[in-house]
Amino acid sequence: MNTTRQIKHLYARAGFGIRFKDLHDHESVSVKKKVKELFKNAETVSPLNAVTENIDLRPKSDDPETKRQAQEDRNKQERALNVAWIKQMAFSDAQLREKMTLFWHNHFACNVGNFYYQQQINNVEREHALGNFKTLLINVSQTPAMLAFLNNQQNSKGHPNENFARELMELFTLGIGHYTEDDIKASARAFTGWRYTGKDGYRFQPYAHDEGMKTFMGKTANFCGEDIIDIILANKQTAKFISRKLYKYLVNDVPDEDHINQMADVFYNANYEIKPLLEFVFTADWFYDDKNIGVLIKSPAELLVSLSRQFYIDYQNPDVLLQFQRTMGQVLFRPPNVAGWPGGRNWIDSSSLMYRIKIASILLNGGVIDFTGKATPEDQAFLAATNRQQFNNAKRTQAFPDWNKFLSEIPLKEPREEIVAFMLEPPLNSVVLNAVNQAPDIKSMIIQVASTPEYQLC
């Protein structure tokens, strides 16, 4: 395999795709050097600051107008936070950090109506995205968002709430089948007293904590929450569970047990440091096997971000980003449940695929794919109708790709097939090649390529 293809694959998985200029400027650079560069760029941590007020701390009121205004402000915060993250993912140089933040956003799926807290947990995930998993787990679990979402706020001595303890083991660490109901009960007692206050965030409250003896996974002591996490992490099943999930996110939806076991060994032996695990994956020969290239379906967020990044799209009506997400089934900060979005082939059905394909023409060409050349009367009628649609879509979306910048990065004599090979991860097929050869110009060809099912893959 040539280095160009490997680097393109690396950026498709460790980020949100590579730009034409970035690929051709570094064709002679080794993959290992590009991996180092990804980590170097990811050292920068840029927290989101789109939400500056915790609306829940406003004085309570029964006045209908005050309530209406609060809800309107809450909706504005949701839009601002969502759009801020999409833009950060699209335009940040810290691509690996943002890609991993998106992974942890789904791993620690949390849906509360307070977007000040949502921003806070997102920034915790970003800060520790490439750090230590134990630190990440504890810090996420102590955010007001997670304490509220999984009811640890109501978990008290004498009245244990098992919700957090159950999800901690089922979804965050061990996976189903590796703990018992008694383990859940004991664990819930250990996490009593974990609280937050609106102004101060996490605060341990000793009076609410159960100081009694607990038996958890064969060990008996007066465990606190951190003790439970230590015991869970000492079980290598946690390293394997995280590695399997990460393999499906970064490598292939179809698990390879041998490769997952290799990842788990690295993760466990590195005391759950995330960076060595990722370095191992990105430098493994099997990561670049043909069977692992162009086989993952981009999530709706990844599709929007990759289009925005590749074509330098400026959104003068950012609300459309939320509308696209709703239609495709993934609104950031609004996971369907604590298990998150299932991903993989669940992203695609017949209607969502058609919508995904249409999005490229909506964003890149004001709503339609541009056909030129001699038109039949039927074509002219179609064009008249689609031109009206184009105007309406352009007015509604107000999305402006920087075509001059995009096209200026393509070498003048670059063959069409090379351009298309850069655009797509899967190998070119006859249908795509036929569309390439029939397109009247480079811009039309690129929009058509971005409107293919193959463009949905990374």
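Mentor: Let's start with the hairpin: in this predicted model, three residues link S1 to S2 in that hairpin.

Trainee: What makes S1 and S2 a pair of strands?

Mentor: Pairing takes at least two bridges. Strand S1 (residues 194-197) and strand S2 (residues 201-204) are joined by four bridges and run antiparallel, so they count as paired. Within S2, Gly201 is the bridge partner of Thr197.

Trainee: Why is the contact between Arg58 and Asp73 called a salt bridge?

Mentor: The cut-off is within 4 Å, from a side-chain nitrogen of Lys or Arg to a carboxyl oxygen of Asp or Glu. The closest N and O atoms of Arg58 and Asp73 are 2.9 Å apart, so the pair qualifies. Arg58 sits in the loop between helix H3 (31-41) and helix H4 (64-91), and Asp73 in helix H4, so the pair ties together parts that are 15 residues apart in sequence.

Trainee: How do you know whether Asp73 is buried or exposed?

Mentor: Buried means under 20% relative accessible area. Asp73 has 16% relative accessibility, so Asp73 counts as buried. Arg58, at 27%, counts as partly exposed.

How values were computed: Residues numbered from 1 in each chain as written. Predicted model: local features only at pLDDT ≥ 70, side-chain atom pairs only at ≥ 80, totals over all residues. Heavy atoms only, no water. Helix = DSSP H or I, 4+ residues; strand = E, 2+ residues; numbered from the N terminus. Buried < 20%, exposed > 50% of the residue type's maximum accessible area, 1.4 Å probe, protein only.
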